[in-house]
Amino acid sequence: MSTESAPTPAGPTTELPPDRFMDREEGWLRFNQRVLELAEDEDIPLLERARFLAIFSSNLDEFFMVRVAGLKRRLATGLAVPSSSGHRPRALLERISLFTHELMLRQAACFEDSVAPALRDAGIRIVRWGELDDDEREYLHGYFLRSVYPLVTPFAVDSAHPFPYISGRSLNLAVTVRDPLDERRMFARVKVPSSLPRFIEPGPRPDGRFVPVEDVIAAHLPRLFEGMQILEHHAFRVTRNADLEVDEDETDDLVTSLENELLRRRFGPLVRLEVEETISAEVLSILTEELGAEEEEIYRVPGPLNLAGLAQIADADRPELCFQPMVPVEPRALTMGDLFSTIRGREVLVHHPYESFATTTERFLAMAAADPAVVAIKQTLYRTSGDSPIVEALIEAANAGKEVVVLVEIKARFDEQNNIQWARKLELAGCHVVYGVVGLKTHCKLSMVIRKDDDGLLRRYCHVGTGNYNPSTARIYEDFGLFSSDPEVGEDVSDLFNSLTGFSRKKHYRRLLVAPAALREGLLQQISQEIENSLKGDPARIRIKVNSLVDEEIIDALYRASQAGVGVDLWVRGSCVLRAGVPGLSENIRVRSILGRFLEHSRIFVFANGWRPQVWIGSADLMPRNLDRRVEALVRISDPEQCRRLVGLMDLAMAGTTSSWRLEPDGTWTRHTHGEDGLPLVDLQDSLRGDRHLRVVEGG
């Protein structure tokens, strides 16, 4: 595909309405609202509902640490320009506050009124200290002395002791005590050690009962404040700005600078204060003043706080309360015989977690490390697991004398420390480690094995994926990967690695579309081609699957396509600022979202292209950061059967018979789980779990 010049969209040129974009932040919150709706769904297994409550909490933490923090930073620096939706940062923060207050209360109600009672009926109880019997209290007294007391430090607040720093996402107790000698009232803070479990079992043998850790500490406050009278105590929690700022142009050592910035992350400005709704006005006033919290930053909710800890409960060994075990297909094409000869014979497309990551991607790299015919491996790592077999394979390859080049993206948000450790371990093993391109994050998912085959030729065996090389998340993240020995793909991946490790201004590739140089213009050109084809009466249709759709230029191009009569199907898991189904603007655009057992993570782009469909998979979402500030790669699928398979997946997701959320013109999402006849609609993920078509197609 040629992308020599920036495309000019064909078709209607009428001015688009100014209110055509929704707030990105509100779009993200509506995604998390959909997660909450899964927790509220009584048809979902009970422990999975508890897990969705935990995911909702973790998601909301990250939203505050990044998105809300970013808005506050814009206000503080005077960059209070309106967003594309027309809202200024202050007004947008107020809207966010109202929405998040509503969502957090709704989450608390879901837990208190639905999930917790159902757990009790199933023999799993989260009990407070007052509900324990004497034996349980005695057991927890011993537990406190052994495992908690050595870790806890009370911090008094008075003229000699300033208010202590409260680190982000820590759970704390605000304690008021009275000195019986002089009747003085004093305030203190006790931090709940992060190394402790969120919930503690009140006996030596598991019996399904759990006590919040703060209750155990609160019951032993007299031990911490010897001789004082405990007047009151309340749990509270602080969320802080956790977005990192490192100027790569001003630092000679990116790793050291990033490590210093990670230390500062704990001390970022406050963006949220969570308190139990029973907190007294006096204690809340102290916290508000000392922490500098504004009224809209204060969230009063029923206890217990930090329901992200419900992940511990969700891990209980109660299989009857969970989704049925997932047994991935092992494609015979990659697990039988010589893996490299298989890939040399035909390209192989794998779909995780329905197809095993361990017997495909992991095996590909493990065999490359052990194969004496392999002379070099090149690999990108954005996120990986703590005990990564991928990294171990790369180390084994280096130890065997192979040339190993690894691009580790140490700026991957919230995985920075982990990636720095892996980078240093790889360096010690003799791997050539690079940290990407200055000013860009390297987000593409690439692996290349160079092998001297039996015919004496050096061949490149490549893997281009949509997801991270992370065995842990590969079990729950839905992603695709393409294995190829096609010379065009090999040359493309070689050229891209050379640009990442050296200096290159290469823009155009053979079967890859690469950001930031050419991905945006390539997508715009394909959308423009669909518009032209529609106006000529040729087949024209656009199908896109992404995690987020917020890029305004791409959205405007999709609006133009809709106005030209092009059918546009968008499958968006998370934030979407496009307005769907608006007369005169987007009546030909449908947007669906599917959430469930697996996190829909793959990115697929399908263009009818007249009579010659173009199908792409890769790492890029439709966000400015992906298109302009990251190294991303899409690969064009050339095998007709694989193209049909991906088109079929898109059509299944968009079908009226498939359970999904549908985006309405007003920006709300409506969940459809049952048809007009009252029967359940098709669950896409369950349907794919039972689909053995994959085994037939890839197994030959």
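Which residue in β8 stands opposite T239? That would be R272. This is a predicted model, where local features need pLDDT of at least 70, side-chain atom pairs count only at pLDDT 80 or more, and totals for chains, interfaces and linings use all residues. Residues are numbered from 1 along each chain as its sequence is written, and side-chain values use heavy atoms, with hydrogens and water left out. Helices (H or I, at least four residues) and strands (E, at least two) are DSSP runs numbered from the N terminus.

- Strands of a sheet pair through backbone hydrogen bonds, either parallel or antiparallel.
- Here, 6 strands make an open sheet with mixed pairing, in the order β2-β4-β3-β7-β8-β9; two strands count as paired if DSSP finds at least two bridges between them.
- β2 and β9 (298-301) sit at the edges with a single partner strand each, so one side of each has no neighbour in the sheet.
- On average, neighbouring strands of this sheet are turned by 30° against each other, direction ignored; the axes are lines fitted to C-alpha atoms, and angles run from 0 to 180 degrees between N-to-C directions.
- β7 (residues 229-240) and β8 (residues 270-276) run antiparallel and are joined by 5 bridges.

- Rolling a probe the size of a water molecule over the atoms shows where empty space is left.
- A cavity is a set of points, on a 1 Å grid over the protein atoms alone, where a 1.4 Å probe fits but cannot get out, and lining residues have an atom within 4 Å of a point.
- Grid points are joined across faces, edges and corners, and a volume is the space filled by probe spheres set on the points.
- Searching the whole structure turns up 7 cavities of 30 Å³ or more.
- The largest cavity has a volume of about 140 Å³, and of the 16 residues lining it, S57, M104, Q107, E274 and N306 are the closest to its centre.
- α2 (46-76), α3 (89-121) and β8 each supply at least two residues of that lining, with the largest share, 4 residues, coming from α2.
- By type, the lining of the largest cavity divides into 9 nonpolar, 3 polar and 4 charged residues; Ala, Val, Leu, Ile, Met, Phe, Trp, Tyr, Cys and Pro count as nonpolar, Asp, Glu, Lys and Arg as charged, and the others, Gly among them, as polar.
- The second largest cavity holds about 110 Å³ of space, and H352, F357, G467, N468 and D479 are the closest to its centre among its 16 lining residues.
- β16 (458-465) and β17 (477-484) each give at least two residues to the lining of the second largest cavity, and β17 gives the most, with 3 residues.
- That lining is made up of 5 nonpolar, 10 polar and 1 charged residues.

**An open pocket**

- A pocket, unlike a cavity, is an open set of points with protein on both sides within 12 Å along at least five of seven lines.
- The second largest pocket has a volume of about 620 Å³, and D41, I44, R671, D683 and D686 are the closest to its centre of the 25 residues that line it.
- β26 (660-663) and α20 (684-689) each supply at least two lining residues of this pocket, and α20 has the largest share, with 4 residues.
- The lining of the second largest pocket splits into 11 nonpolar, 7 polar and 7 charged residues.

- Most residues other than glycine have a negative phi, and most peptide bonds are trans.
- P353 lies in the loop between β10 (348-352) and α12 (358-370).
- R169 has a positive phi near 65° and sits in the loop between β2 (154-157) and β3 (171-178).
- N609 also has a positive phi, about 55°, in the loop between β23 (603-607) and β24 (614-618).
- R169 counts as partly exposed because its relative accessibility is 43%, whereas N609, at 15%, counts as buried; buried means under 20% relative accessible area, exposed over 50%, and partly exposed in between (1.4 Å probe, protein chains only).
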